[in-house]
Amino acid sequence: MKKIMILLFVSLFSFSVNSNAKSITLGWAAWDPANALQELTKEFTAETGIEVNFEFVPWPNFADRMLNELNNKGKTFDLLIGDSQWIGAGAVYGHYVKLNDFFDKEGISMSDFSPATVYAYSTWPKGSENYYALPAMGDALAWAYRKDWFDRPELKSEFKKKHGYDLGVPANWNQLYDMCTFFQGREIDGQKRYGAAINTERGSEGITMGVTAAMYAWGMEYENPNKPYDMEGYFNSPQAVEAVEFYRKLYEDCAPPGHSDAYMVANLDAYKSGQVAFQMNWYAFWPGVSKEDSGGRVSGFFANPKQNVAAATLGGQGISVVKYSDKQDLALEYIKWFARPDVQQKWWDLGGYSCHNDVLNSPSFPTSTVYAQGFLDSMGIVKDFWQEPTFVELMLPMQEAIHDYVVNGKGTAKEALDKIIEEWVEVFEADGKL
Amino acid sequence: MSVKKKFKGLSDKAVGWLFIGPTVLLLLAINIYPLVYAIKMSFTNFYANKIGREPQFVGLKNYIKVLNKEAIWEKMQVTASFMFWTLLLQAIIGLGLALLLNRKFKGNELLTTLIVLPMMLSPAVVGVFWTYLYNPQVGLFNYVVNFFYDLGSFDMIGSSTLAPWAIVIVDTWMWTPFTMLICLAGLRSVPNYLYEAAEVDRASKWQQFIYITLPSVLPFLLLALLFRGIENFKMFDMVVELTSGGPGSATELASINLKREAFEKWKTGYSSAFAVILFVTIFGFGNVYVKVMNKIKER
C-alpha cells in the first residue's frame, strides 16, 4: 500500500511539474520537412527550456483542420506554419499577430530574406510592409525525372531519331510532352512504364496547383494589372485556354492508369515505384527522393519548364503567431530563434528550405544538393494563387471546373475558365471587392 | 424526507416526464435548437468565417439562389440516380439472399455471418480500401472483371461514366446485408400453415411466392428501403473517401456539396437554406413513403 501511495505521489508530482513547464504547440502539415523541423527544434528546447509540441495534420485535411481552428478562435496552436494563401484571411480576420513591432524590437529585418518569399509568405496587403509571418519554408512546384532511363544509349538514340533533339531536361512544355509520350506504355526492364505523374487531385488544391504550373508558363494573369479583380480576358485569355488544353492532353496521353485523383503522395508513389519517367511535385519532397538515390544516378530535378514565359507555381509557408494563443511571448521567442542565420543554415542542412539570404546567397549553396540550383531558379519566377481572405471560396470552383474538364472530359477549357470567373465574381461581390 | 417518499407523491404522468425529460432536453439542445438556428440563418447573408461581420436579413434570397443554381440541380440528379440504383439493387439482391438463407442447409449460419460482415465496417474505411480494389493496375475488381470478360484497362474512379457505378457497387456491397436481414426477419414470420394450405390447393412455387411470400415480406422490405433511402440521401463519408465527388462533379452528392458550401466556403446563410431545402425534401418524401407503406400493411 505504501509503495502504491509513493507511486501515486510521484505521478501527481511529475504531472504538476509537466503542466507548469514552459511549452508551446506548433501546427503544420504532416510531411518530410515537418520531421526536419522537429529535429531542428530540439536545439531550441535545449537553449531556452521551452518545450515545443507538434501537431502535424495530413495534407488533405490540413486546410480544413487549421482554418476551422482559426475560425473558432481555438487555442490549440501557438504557432502555425500556414499556407501562403492563408495570409490574407490571417491578417484581415485577425487570426495572426502582426509582427512589425516585434521584428523592429528584435532587429529582424525582412530584407535578410528572399524578396519573393517575403512578398508571398509574410505580407498583407500584398507588397505592403505589414508582416504577419516569417518566411519559414520556401517551396515551388518542380519536376523530377528518371535520369537513369534518360542516360540509356538505346533510348537516347531512339528519342533523337524520333524528335530530332536530345533526350534530357525539357526546355519547354512541348518537349516535356514529347518525352512523356516517349515513355508512355514503354517496356523498360520487363515492366510497363508511363510518362508523368501530374497533379489531378479533386478534394483540396491538387489539380489547381498542377494546372497553374502550365497556365503561368503560358503567361496567364489572374486579373487586369490596372484594374484589380477584372478577370475577363486575363484568366480566360487564349494563352490560358491553350495551357489548360495542354494539361488535359498531358493527363490523357501521359499519366499512368488510375491517376485521376492524385497529388503529392500519389505522385511520389508512382515515381518511386518506377511507374513514371517524370513526377510533378514540390521541392519539399526532393530531399527524400534524393536521399534514396545514392550517387544521384537515378533521379534528376528541374524547375518548371517555360513555354511563353518562365514561371512556377508557388508553394511554401510562413510561420505565424496565433492571435488566440495565451503564450504569444513564448511563440515569439521561437520565431526570434528561428530567424537566426545559423539556425536557418541548419534548417537547410536538415532538409528544410530556408528563405534566408545568408543561406541562399552562400557560394556553396547552388552545389550543396542536386536540386539547390533548381530551387534558386524557381524562387525567382514563382507566382501564387489568390491570397485573398476568401481564397478557399476561390479555390473550390477552380478545383471542380478544372477537374471536370481535365479528368472528366466535360465541356471545353474556355467554358471551364469562364465558369470559374463567374463563380469568382460572385465571391468578390459578396466580399465587397466588386 | 426520504427519496422514496418524495417519489410516492408524484403522479404517473410526472414520473413519465421525469424519465423522458433528459432525453427531451438533449433532443432540444442538439436537434431542435440547431434546426431552428439554421432556419433563422437561412434568411441571412451570414459567413461563419468572417469575424465581426454582422449577418443581415436577406429574405428568401438564399432559397431563390439555391433553387435557381444549375449546379445544385446537377447534384440533386446525381443523388437521385445514386439512390435509385442502390435501393433497386439492394432490394433485389437483399430479397434474393434472404430467400436463399431462409432455407435450411449446412453452413447457413456461417454464410449469414459472412454476408453481414461488410455492413459492420466503417464507411470511410470501405471507401479507402475500395480505391485500391478499383485501381486499374493492381486492383482486384478490375482483375476479376477482366478474368470473365477482357475489357482491358479501365478506371472505375477516373471515368465519369463508370464513377457513378463505382459508388453504387460499393454501397450495394456494403448495405445489401442490411436489407437481407430485415427481409429474413419478415420471411421467418410467415406461418408455415399458409404454405401447407397452398400446397393442398395445388398452388405452384411461383404462386406461393407471389401470393404468400411477397405480400408478407413487402412491409419489411419497404421499411428497410426507407432506412436505406434516408441514409443514402445523406451519404457522405464513403463517397468522399472513394472519389472526393469526382471526377469533376460526377459523383458529388448533395450532402458533399452542402459540406463544401458550409464548411469550406463558409457560406453559412446560403448553405443553411440548402440544408433546409434538403431537410424538407427528405421529410416530405419520408412522410409520403410511410403513408404508402401503412396502406400496403393494411391490405
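What radius of gyration does chain B have, and what would a compact globule of 299 residues have? In this predicted model, chain B has a radius of gyration of 25 Å, whereas a compact globule of 299 residues would have one near 19 Å.

**Figure 1. Overall dimensions of chain B.** Along the principal axes, the C-alpha atoms of chain B fill a box of roughly 75 × 75 × 40 Å. Of the 299 residues in chain B, 32% are buried.

**Figure 2. Secondary structure and contacts of chain B.** Chain B contains 13 helices and zero strands. Its pattern along the sequence reads α-α-α-α-α-α-α-α-α-α-α-α-α. When contacts between residues at least 6 apart in sequence are considered, 72% of those in chain B join residues at least 24 apart.

**Figure 3. Packing of helices α2 and α13 of chain B.** Helix α2 of chain B spans residues 12-41, and helix α13 of chain B spans residues 268-298. The two helices pack with their axes 7 Å apart, at an angle of about 120 degrees. Because of this angle, α2(B) is oblique to α13(B). The crossing of α2(B) and α13(B) is left-handed.

**Figure 4. Residues at the contact of α2(B) with α13(B).** Helix α2(B) contributes Ala38(B), Ile39(B) and Met41(B) to the contact. From α13(B), the contact is made by Thr268(B), Gly269(B), Ser272(B), Ala275(B) and Val276(B). Sorted by class, the contact of α2(B) with α13(B) comprises five nonpolar and three polar residues, with no charged residues.

Definitions and conventions. Residues are numbered from 1 along each chain as its sequence is written. Chains are lettered from A and ligands numbered from 1 in the order in which they are written. This is a predicted model: local features need pLDDT of at least 70, side-chain atom pairs count only at pLDDT 80 or more; totals for chains, interfaces and linings use all residues. Helices (H or I, at least four residues) and strands (E, at least two) are DSSP runs, numbered from the N terminus. The radius of gyration is taken over C-alpha atoms; the globule rule is 2.2 Å times the number of residues to the power 0.38. A residue is buried if 20 or more other C-beta atoms lie within 10 Å of its own, exposed if 12 or fewer, and partly exposed in between; C-beta atoms are placed from the backbone. Two residues are in contact if their C-beta atoms, placed from the backbone, lie within 7 Å. Axes are lines fitted to C-alpha atoms, for helices over the stretch in contact, and angles run from 0 to 180 degrees between N-to-C directions. Angles under 35 degrees count as roughly parallel, over 145 as roughly antiparallel, 65 to 115 as roughly perpendicular and the rest as oblique. A crossing is left-handed if the near helix is turned anticlockwise from the far one by less than a right angle, and right-handed if clockwise. Ala, Val, Leu, Ile, Met, Phe, Trp, Tyr, Cys and Pro count as nonpolar, Asp, Glu, Lys and Arg as charged, and the others, Gly among them, as polar.
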